[in-house]
Amino acid sequence: MIGMIFSFYLHIKPDKMLTREKIIDTIKKLPEQFSLDEVLDRIILLDKMETGLQQSEKGQITPEDKLDGKLPEWLK
C-alpha cells in the first residue's frame, strides 16, 4: 500500500525526489507504533521542507517587503 502511494506521489512530482536515507531517518524518529497517517504526514512535511530549500537555493523566494500582499492570497 505505501509503495503504491509513494509511486503515485512521485509520479505526479517527478522532479522532486526525496532520498531513501532521509525517509528512513524520518521513520526512525517515529515512536515504536504509529499510524499510516502519521508516517505519511511526516514524509509529506519532509518533502515540503526539501522543496522550500530547493526554491530558496534557486532564488525563488518572496522578498519580505512583499509578504503582506501575498499572505491573504496564500491563506485563502
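These are my notebook entries on a predicted model of one protein chain.

**Overall make-up.** I looked up the secondary structure first. The protein chain has 4 helices and 0 strands. Read from the N terminus, the order is α-α-α-α.

**Confidence.** The mean pLDDT of the protein chain is 81, and 79% of the residues reach at least 70. Helix α1 (residues 2–12) has the lowest mean among the elements, at 52. Helix α2 (residues 20–28) has the highest, at 92. I keep that value for α1 in mind when I look at residues 2–12.

The accessible surface is about 6,700 Å², and carbon and sulfur atoms hold 58% of that. I also took the contacts with a separation of 6 or more. Of these, 52% join residues 24 or more positions apart.

**Helix α3.** I checked the length of α3 (residues 36–57). Its 22 residues should span 32 Å at 1.5 Å a residue, and the end C-alpha atoms are 32 Å apart, so the two agree.

Next I asked which residues of α3 are buried. They are Val39, Leu40, Ile43, Leu46, Asp47, Glu50 and Thr51. These residues cover an arc of only 135° around the axis, so they lie on the same side of α3.

I then turned to the face of α3 away from the buried side. Asp37, Asp41, Lys48 and Leu53 are exposed there.

Last, I looked past the end of α3. Gly59 follows the helix with a positive phi, near 80°.

Methods. Residues are numbered from 1 along each chain as its sequence is written. This is a predicted model: local features need pLDDT of at least 70, side-chain atom pairs count only at pLDDT 80 or more; totals for chains, interfaces and linings use all residues. Side-chain values use heavy atoms; hydrogens and water are left out. Helices (H or I, at least four residues) and strands (E, at least two) are DSSP runs, numbered from the N terminus. Contact means heavy atoms within 4.5 Å. Accessible areas come from the Shrake-Rupley method with a 1.4 Å probe; for residues, only the protein chains shown count as cover. pLDDT is the predictor's confidence in each residue, from 0 to 100. The expected span of a helix is 1.5 Å times one less than its number of residues. Buried means under 20% relative accessible area, exposed over 50%, partly exposed in between (1.4 Å probe, protein chains only). The arc is that of the directions from the helix axis to the C-beta atoms.
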